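Work through the following exercises with the sequence and the model at hand. Each task is followed by a solution in steps.

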Amino acid sequence: MKTVNFTQMKDGTREEYEMLAEMEKPYHALTADRVLAELRKQGEDTLSGYKITRLEHGLQSATRACREGADIDWVVGALLHDVGDGLAPQNHDRFAAEVIRPFVREEVSWVVEHHGIFQMFYYAHQYGWDKDARERFKDHPCFQSCADFCERWDQSSFDPDYKSESLEFFEPMVREVFGRKAYDPAVVQEGVVKGLPLRQAA
């Protein structure tokens with residue numbers, strides 16, 4: 001395999017960096033495969049103390065989003081919101097947000113990035129923590145989107161009897177999202193807040 005000559009990045013030539021950019025394209029194209037592999041790995045162990053696996057939690061969250069008519073960015077965001085648990089359990093929310101940020105609407109990556117502190121609303125008091133810590137973001141345009149995300153799709157998705165769609169059902173959506181041009185302004189839609197879809201009357 002052809003390699004660069006430099007051993008320090010500062011010594012690289014334009015030609016070498018152009019070669020590297022070209023050689024990285026196949027790797028970038030396999031991002032969806034790596035994300036799906038990480039999700040499958042989450043199906044191998046249960047959330048400690050919970051009744052379901054990490055994968056099932058993501059599938060439940062995404063299924064709820066899908067069944068409520070959410071767009072593909074929300075569905076994939078819900079599926080992947082805890083994908084960082086394996087490597088970054090203390091800041092999994094920010095880790096997951098960075099995985100999806102180049103490929104989804106800014107609103108969705110913001111919600112995924114902050115869902116950890118918003119989720120504390122449901123349990124923090126049990127540890128003597130501040131359940132209203134999310135209020136520091138009360139003036140942010142995405143505050144309500146994140147509060148709704150946690151209420152409707154995250155905190156409610158730990159049910160072993162809930163009939164989720166399979167990972168195979170969501171795979172085409174994951175591939176579509178990660179097949180987008182990274183940081184495309186038409187995708188990222190900086191400053192656009194759509195909110196979650198309205199709930200249908202029961």
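**Exercise 1. Describe the largest nonpolar core and the elements that build it.**

Step 1. The largest nonpolar core has 45 residues. A nonpolar core is a set of buried Ala, Val, Leu, Ile, Met, Phe, Trp, Tyr and Cys residues joined through side-chain atoms within 4.5 Å. Buried means under 20% relative accessible area, exposed over 50%, and partly exposed in between (1.4 Å probe, protein chains only).

Step 2. Leu39, Trp74, Leu79, Leu80, Phe118, Trp153 and Phe178 have the most contacts inside this core.

Step 3. Two or more residues each are given to the core by α2 (31-42), α3, α4, α5, α6, α7 and α8. The largest share is that of α4, with 7 residues. Helices (H or I, at least four residues) and strands (E, at least two) are DSSP runs, numbered from the N terminus.

A note on the basis of these values: the model is predicted, so local features need pLDDT of at least 70 and side-chain atom pairs count only at pLDDT 80 or more, while totals for chains, interfaces and linings use all residues. Residues are numbered from 1 along each chain as its sequence is written, and side-chain values use heavy atoms, with hydrogens and water left out.

**Exercise 2. Summarise the chain as a whole: which elements does the protein chain have, and what part of its residues is buried?**

Step 1. The protein chain has 9 helices and 0 strands.

Step 2. The C-alpha trace spans about 60 × 40 × 35 Å along its principal axes.

Step 3. Of the 202 residues, 44% are buried. The chain exposes about 11600 Å², and carbon and sulfur atoms supply 52% of that area. Accessible areas come from the Shrake-Rupley method with a 1.4 Å probe; for residues, only the protein chains shown count as cover.

Step 4. Among contacts between residues at least 6 apart in sequence, 67% join residues at least 24 apart. Contact means heavy atoms within 4.5 Å.

**Exercise 3. How many salt bridges does a search of the whole structure find? Examine three of them.**

Step 1. The search finds 14 salt bridges. A salt bridge is a side-chain nitrogen of Lys or Arg within 4 Å of a carboxyl oxygen of Asp or Glu.

Step 2. Glu68 pairs with Arg152, their closest N and O atoms being 2.3 Å apart. Glu68 is in the loop between α3 (54-67) and α4 (72-80) and Arg152 is in helix α7, 84 residues apart. Both Glu68 and Arg152 are buried.

Step 3. Asp71 and Arg105 meet in a salt bridge of 3.0 Å, N to O. Asp71 lies in the loop between α3 and α4 and Arg105 in the loop between α5 (92-100) and α6, so this pair ties together parts 34 residues apart in sequence. Asp71 is partly exposed at 28% relative accessible area, whereas Arg105 is buried at 2%.

Step 4. Arg101 and Glu113 also form a salt bridge, again 3.0 Å from N to O. Arg101 is in the loop between α5 and α6, and Glu113 is in helix α6, 12 residues apart. Arg101 is partly exposed, with a relative accessible area of 22%.

Step 5. A network of salt bridges links Asp71, Asp73, Arg105, Glu107 and Arg180.
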